Amino acid sequence: MNENLIDIYIMGEHHQVPDSLTILQALEYAGYRLTRGVGCRGGFCGACATVYRVNGDYHLKFALACQTRVEPNMQLAMIPFFPAHRPRYRLSELKGTAQEVLDIYPELLRCYGCNTCTKSCPQDIDVLGYVSALLRGEIALAADISFDCIMCGLCVSRCPAELVKHHAALLCRRLYGSRLAPRSTHLAQRIAEIRSGKFKAELEQLKNMDRKQLQELYAAREVEPEE
Amino acid sequence: MSYPSPLEELVRRVNQTREQRLKQSFPRLGAEEKQTLLKKFHPDYRADSFAELEVGPNAGERAPKELVRVLEGDSPVSDGSLGFGEFEYETDVLVIGGGGAGCAAAITADDAGARVIIATKLRLGDANTMMAQGGIQAADKENDSPAIHYLDVIGGGHFTNIPELVEALVTDAPEAIQWLENLGVIFDKNPDGSMKTIHGGGTSRRRMHTCRDYTGAEIMRTLRDEVKSRQGITVLEFSPAVELLTTPEGEAAGAILLNLNLNRYLRIKAKTVIITTGGSGRLHYQGFPTSNHYGATGDGLVLAYRAGARLAFIDTMQYHPTGVAFPQQIVGQLVTEKVRSLGAQLVNRNGEQFVFPLETRDVVASAIIRECQEGRGVKTPAGVDGVWLDTPMIEVLKGPGTVKRELPAMVRQFARFGIELDKEPILVYPTLHYQNGGVAIDAMCHTSVRYLLVAGEASGGVHGRNRLMGNSLLDVIVFGRRAGREGAQLAKERTGSFFPGLEHLSRWRQLLRERKGTGVSVSPVLLPDYTRKPGNRIGGQGVGEV
């Protein structure tokens, strides 16, 4: 392993760590046994969203600690929890209009387009873009633009108008998925067939087959070609 | 070019053979060839890394040494010091584990009118479900059927799967997809609403449903949001269970949780307990890096085993063929099988294919290990073995822009380290991915302990000795819902009074003393320790040991 040590500062405290590590690995290397600020370690859960700065530069930078390599003179902090507002609603009682989203999250109307949210997104999502789409009533577009959101909440923590946009985006996606997306007829049809017992006998037969019979059937399977 | 110079040369070789390989289709292996390959190279067959259990319901059976150590562990809880009679919470259904299976169980139990508590170690949704990229299987197309799905599952598991469990999995699958869609999950679709589906390793029909390459994340964030919407579900985060509570008759009756914020025990009395704690990749069997979540330490197996539940298939783990081998920072993280579904080939250091890319996972993993052991692999500057996964091939096969459109999460992951997935191949090596076995269950998720149910990766038998891609997301939804329904029903039927206690633990401790003496470790381990200490793994991914 590369043992080229660099200086970093964790909550102000000086540490030396190998420069080959991610921020998360560097915290652990320094001796932190983490329960907060760590999750999937693969860039999908948003638990390790991190704000940092490099000495001598006033700019704040944003990253996922598990996906970002340390650099010299980093000033690191953990964000253990962010108390984002999340009103209670029942999806089953909603129809799928943008007005409903705005009724649940009225603060969305306070957006004045500063774009700080987009700049703070570690996923490089056009956050302002989906908020604008939502404000124009385009739920499908808001769902599409926000799809790769891992809900870390950095955009909310930085928003001067205090918009809880990652939760509003999730509501847009759930409304799109359940109400607005075209439905597949083949799925409904298959469920009806299963309920009518169409496959029961065949499955029963398979369940009672011995290993040899199953092996023969398996070897003789016809494989659907690629498109 | 973002690879260091010794690798750069090898990348050129992959580029040179691409056009020729486009015309070649590597033949699939026959049944006997597969068995020979597995026995020679699959980690499940490395006898010296297994040990025999001496205590508990599976005494006499073998399991990985690391698992045996935690299964034969002692509880952090002392027998008599808890002052029973008072409980911080009482509930109908206690769900231990807040991942996909746990949330599906909680929602379903809530639908059935039960009072539900979810106790989870980290945040709600911090689980392997969140990380599953590839997809979810369901036989819902006209040319497909639950019976065809059944045959794929049981063949993939080498005909060892429990038939009733496979039947449940494939029969409930289409309904599981519809249930998710009704909750707001956005599946990839054609303009007419039909599902866009693709192949996975070992499928005979294109039945993999996807949400870009965020399938698990999309499902998990939706389930989590639904749980938060429900007043009947109480969520206790940062509160893992450390011991089950049982009645003198040996029936499940609740659990003791450890509140990690306050380092304080919480006692919960529950009519039914559902364990949905997932897998155990963070035990790093055989020193492998893992694609698993930070919390995947096999806690549920430990709790259930001490309470007397029988385990099944615990001697087999899934090593996902394509874990990241370079760059060093993300070694062991998953490269989704969808990459091969889209057409990327596996290529050795000579630029040659060596396996059909969509064989089952155990077979592909074994073939990669063979290439590396026999000198046809690539060594990274950090000394990690790997072979090439030819991602630019997808662009050639399916058109420019396909990689960015279909694999946004992966593109982002590699771009952070300067590698352009659509232009350069990547280096991969098998990573510890899935616990094929777990607590033995029947089709309604019952275990050998009454009022104790298990669902998802913590259970064993559905997948036999090898799971197919897209059947774990399906498993957590199908069996999570079954457990929720059954848990609520059992709670309704349990009308008499019952007294939760720790008799099982006293018996367990006596057995431990008799068979193991002193010096057993304390389990569950809850979280891995990656701090810089002798013996610990720096970086948490198998980057190297101090």
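**Entry 1: a link between chains**

I began with Arg174(A), which forms a salt bridge with Glu226(B), the closest N and O atoms being 2.6 Å apart. By salt bridge I mean a side-chain nitrogen of Lys or Arg within 4 Å of a carboxyl oxygen of Asp or Glu. Arg174(A) sits in helix α7 (residues 165-180) of chain A and Glu226(B) in helix α8 (residues 215-228) of chain B, so this pair joins two chains. My helices (H or I, at least four residues) and strands (E, at least two) are DSSP runs, numbered from the N terminus. I found both Arg174(A) and Glu226(B) buried. Buried means under 20% relative accessible area, exposed over 50%, and partly exposed in between (1.4 Å probe, protein chains only).

**Entry 2: ground rules**

I noted that this is a predicted model, where local features need pLDDT of at least 70 and side-chain atom pairs count only at pLDDT 80 or more, while totals for chains, interfaces and linings use all residues. Residues are numbered from 1 along each chain as its sequence is written, chains are lettered from A and ligands numbered from 1 in the order in which they are written, and side-chain values use heavy atoms, leaving out hydrogens and water.

**Entry 3: another salt bridge**

I searched the whole structure and got 55 salt bridges over all chains. One of them pairs the side chains of Arg465(B) and Asp315(B) (3.3 Å, N to O). Arg465(B) is in the loop between β20 (459-460) and α15 (471-493) of chain B, and Asp315(B) in the loop between β12 (311-312) and β13 (317-324), so the pair ties together parts 150 residues apart in sequence. Arg465(B) is partly exposed, with a relative accessible area of 23%, whereas Asp315(B) is buried at 17%.

**Entry 4: the annotated residue**

Next I looked up Arg361(B), where UniProt places the feature "active site" in an unreviewed entry. UniProt positions are in the numbering used here, feature names are shortened, and annotations may be inferred rather than shown by experiment. I located Arg361(B) in helix α11 (residues 361-373) of chain B. Arg361(B) counts as buried because its relative accessibility is 6%. Leaving aside neighbours within four places in sequence, its contacts (heavy atoms within 4.5 Å) include His320(B), Glu337(B), His433(B) and Asn466(B).

**Entry 5: chain B as a whole**

I counted 16 helices and 20 strands in chain B. Of its 546 residues, 71% count as buried. Residues 24 or more positions apart account for 74% of the contacts in chain B with a separation of 6 or more.
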